[in-house]
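Subject: Handover of a structure

Dear colleague,

Please find the structure below, with an account of what was found in it. I would be grateful if you could read the account alongside the coordinates.

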Amino acid sequence: MSQIPLHPLLQQLAARPGVQTVGPATIDSFVAQGGEQVLFFSGDPVRFAEALDVAVVLPELQVACAGRFAIGVVERDGEEALARRFGPQRGPPRVFLGGGGFLGAIGGMRDWDEYLRELAAVFAATPGRVPGIGIPLVDARASGPTQPSCACAQGRLPHFTERPP
């Protein structure tokens, strides 16, 4: 059970049919239910006031999409662990899962039509892995010539052993 209480409006959302509270201990069973899900990371509503707006709109989007997705309200004290698992997103993020993979994410508050367009794109996506932060990894053992790409590696940065004039 979460030690950090949800805001009363988020508690009301979590009590609705088709919505459940999700944390690190329950995420796998939530996802295993099948279908499509959205994880709602509310954060601290005092710091992220949009979270309360999203809490009101999210069930309406669920109805507009004919109940296509289940809603998981992420426990406040489980947000950090699940955020690491599902990648950093602009807050308050909604992470969409389905078909055994990541479908997409929507951050911040949107206009209704914009939400519907973004949801259509999310649900049209092929399930995949959660995107990383965009830093390509290179195997140092790979054969072939490599060229350092940063100025530091190419020796073009000034040396700071002397004081500038």
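In what follows, contact means heavy atoms within 4.5 Å. The model is predicted, so local features need pLDDT of at least 70 and side-chain atom pairs count only at pLDDT 80 or more, while totals for chains, interfaces and linings use all residues. Residues are numbered from 1 along each chain as its sequence is written, and side-chain values use heavy atoms, with hydrogens and water left out.

Helices (H or I, at least four residues) and strands (E, at least two) are DSSP runs, numbered from the N terminus. Glu-79 belongs to helix 4 (residues 79-86). Setting aside residues up to four places away in sequence, Glu-79 touches Phe-41, Ser-42, Gly-43 and Val-74. Glu-79 counts as buried at 11% relative accessibility, where buried means under 20% relative accessible area, exposed over 50% and partly exposed in between (1.4 Å probe, protein chains only).

The sheet is open and mixed in pairing, with 5 strands in the order 1-3-2-4-5; two strands pair if DSSP finds at least two bridges between them. Strand 1 (19-22) and strand 5 are at the edges with a single partner strand each, so one side of each has no neighbour in the sheet. Strands 2 and 4 run antiparallel and are joined by 5 bridges; Gln-37 has Leu-97 in strand 4 as its bridge partner.

Aromatic rings of Phe, Tyr and Trp (its six-membered ring) pair if their centres lie within 6.5 Å, with planes under 30 degrees apart counted as stacked, over 60 as edge-to-face and the rest as tilted. The count is 3 aromatic pairs. Phe-96 and Phe-123 form an edge-to-face pair, at 5.9 Å centre to centre and 90° between the planes. Because Phe-96 lies in strand 4 (residues 94-98) and Phe-123 in helix 5 (residues 112-124), this pair ties together parts 27 residues apart in sequence. Phe-96 is buried at 2% relative accessibility, and Phe-123 is buried at 10%. Together with Phe-69, these two residues form one aromatic cluster.

A nonpolar core is a set of buried Ala, Val, Leu, Ile, Met, Phe, Trp, Tyr and Cys residues joined through side-chain atoms within 4.5 Å. The largest has 24 residues, and those with the most contacts inside it include Phe-69, Phe-96 and Phe-123. Helix 3 (50-64) gives the most to this core, with 6 residues. A second, separate core of 11 residues includes Val-22, Phe-30, Leu-82 and Val-95.

Yours sincerely
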